Protein chains: 2
Amino acid sequence: MRAEVLKGHLDALLLATLEDGPRHGCAIKEALCEATGGKLDLPTGTIYPALHRLERAGLISGTWSVVAGRRRRTYKLTVPGHEALAGARQSWQEFADTISSALRSTPWPATN
Amino acid sequence: MRAEVLKGHLDALLLATLEDGPRHGCAIKEALCEATGGKLDLPTGTIYPALHRLERAGLISGTWSVVAGRRRRTYKLTVPGHEALAGARQSWQEFADTISSALRSTPWPATN
DNA sequence: CTCCATACATAGCATTTCTACCTATAGGAA
DNA sequence: TTCCTATAGGTAGAAATGCTATGTATGGAG
């Protein structure tokens, strides 16, 4: 899948992976990858900065823990995060419907 | 509609507006706007650079003309442009299906 | 003891869209 | 005439954001 098409939609996906319950970065990455049949195998350089962005924005909150000697940062949705997710779902739907219908639009409005 | 969500999908839309027949820049902008009920009212600073990009890429070809004293650049799809449009439609469908299903994904795969 | 997998992180790059301007012409208003 | 608006095309610079490449650190397999 081409790189830039994801722009603006990543945040919604990340929030969605946390809807079930808390997860750490790697688990989020893997959940996205598996849930989409490998179509969204995002590099860590995409995931981690995005999580930091979401945390700065107050949509998720992270806590450090150590599991088997490896430190983990486990994120969970905040209340604003839940709201943002709902909004993002709606925005996505509207966006997708708009583009889909435009790409199917024949004939196009006459504009001379 | 937020700005960056369109990234990577604009080219497909522009190509699609030319499927019916040639159009000049302003007409493309208006066709997009009308066909989407005003949801895609893109600024000219978005349209024109994108058209130049598509022309450089050989997907559309433009010719100058003068109508009522105003110069116009009328674009039409090239053969590679038609192919690119078909590919873009397919890519969009795959992308949209992937995101839609991911946003609906509950429960997410367990990844511990 | 080396190699690999897990886990988190960041610097710098590339792409793309947007904001804000600019040029030019025609036609109507003041 | 002069000004304003609509049409038509254009660009520079900013902003956003995902990617590549690389780095740190730990534990376990071979």
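Which residue forms a salt bridge with Arg89(B), and how far apart are the closest N and O atoms? Arg89(B) pairs with Glu19(B), and the closest N and O atoms are 2.9 Å apart; the legends below place this pair and other sites in context.

This is a predicted model, in which local features need pLDDT of at least 70 and side-chain atom pairs count only at pLDDT 80 or more, while totals for chains, interfaces and linings use all residues. Residues are numbered from 1 along each chain as its sequence is written, chains are lettered from A and ligands numbered from 1 in the order in which they are written, and side-chain values use heavy atoms, with hydrogens and water left out.

View 1. A salt bridge is taken here as a side-chain nitrogen of Lys or Arg within 4 Å of a carboxyl oxygen of Asp or Glu, and the structure holds eight of them over all chains. In the bridge between Arg89(B) and Glu19(B), Arg89(B) belongs to helix α4 of chain B and Glu19(B) to the loop between α1 and β1 (23-24) of chain B, so the pair ties together parts that are 70 residues apart in sequence. Helices (H or I, at least four residues) and strands (E, at least two) are DSSP runs numbered from the N terminus. Arg89(B) counts as partly exposed at 25% relative accessibility, and Glu19(B) counts as partly exposed at 31%; the classes are buried under 20% relative accessible area, exposed over 50% and partly exposed in between, with a 1.4 Å probe and protein chains only. In chain A, the side chains of Glu19(A) and Arg89(A) meet in a salt bridge with an N to O distance of 2.9 Å. Glu19(A) is partly exposed at 32% relative accessibility, and Arg89(A) is partly exposed with a relative accessible area of 25%.

**View 2. The salt bridge between Asp11(A) and Arg53(A).** The two side chains meet with an N to O distance of 2.9 Å, and the pair links distant parts of the chain, with Asp11(A) in helix α1 (residues 10-17) of chain A and Arg53(A) in helix α3 of chain A, 42 residues apart. Asp11(A) is partly exposed with a relative accessible area of 25%, and Arg53(A) is partly exposed with 40%.

**View 3. Buried residues and the nonpolar core.** A nonpolar core is a set of buried Ala, Val, Leu, Ile, Met, Phe, Trp, Tyr and Cys residues joined through side-chain atoms within 4.5 Å. The largest one has 61 residues, and those with the most contacts inside it are Leu14(A), Trp92(A), Leu14(B) and Trp92(B); α4(B) gives the most to this core, with eight residues. Contact means heavy atoms within 4.5 Å, and, leaving aside neighbours within four places in sequence, Leu14(B) is in contact with Ile28(B), Leu32(B), Ile47(B), Ala50(B), Leu51(B) and Leu54(B). Leu103(B), which lies in helix α4 (residues 79-104) of chain B, is buried with a relative accessible area of 4%. With the sequence neighbours within four places again left aside, Leu103(B) has contacts with Ala12(A), Leu13(A), Ala16(A), Arg89(A) and Trp92(A).

**View 4. His9(B), in the segment before α1 (10-17) of chain B.** His9(B) counts as buried at 5% relative accessibility. A polar atom of the His9(B) side chain lies 3.1 Å from the backbone oxygen of Val5(A).

**View 5. The protein surface near DNA strand D.** A residue is near a strand if one of its heavy atoms lies within 4 Å of it. By this criterion 27 residues surround DNA strand D, the closest being Lys7(A), Thr46(A), Arg53(A), Arg72(B) and Arg73(B). A polar side-chain atom of Lys7(A) lies 2.5 Å from a base oxygen of DNA strand D, whereas a polar side-chain atom of His52(B) lies 3.0 Å from a phosphate oxygen of DNA strand D. The largest share of this surface, five residues, comes from α3(B).

**View 6. The protein surface near DNA strand C.** Of the 28 residues around DNA strand C, Tyr48(A), Arg72(A), Lys7(B), Thr46(B) and Arg53(B) come nearest, and sugar and phosphate account for 67% of the atoms of DNA strand C that come within 4 Å of the protein. A polar side-chain atom of Arg72(A) lies 2.7 Å from a phosphate oxygen of DNA strand C.

Methods. A polar contact is a pair of N or O atoms within 3.5 Å; within protein, one must be able to donate a hydrogen and the other to accept it, and residues adjacent in sequence count only if both atoms are side-chain atoms.
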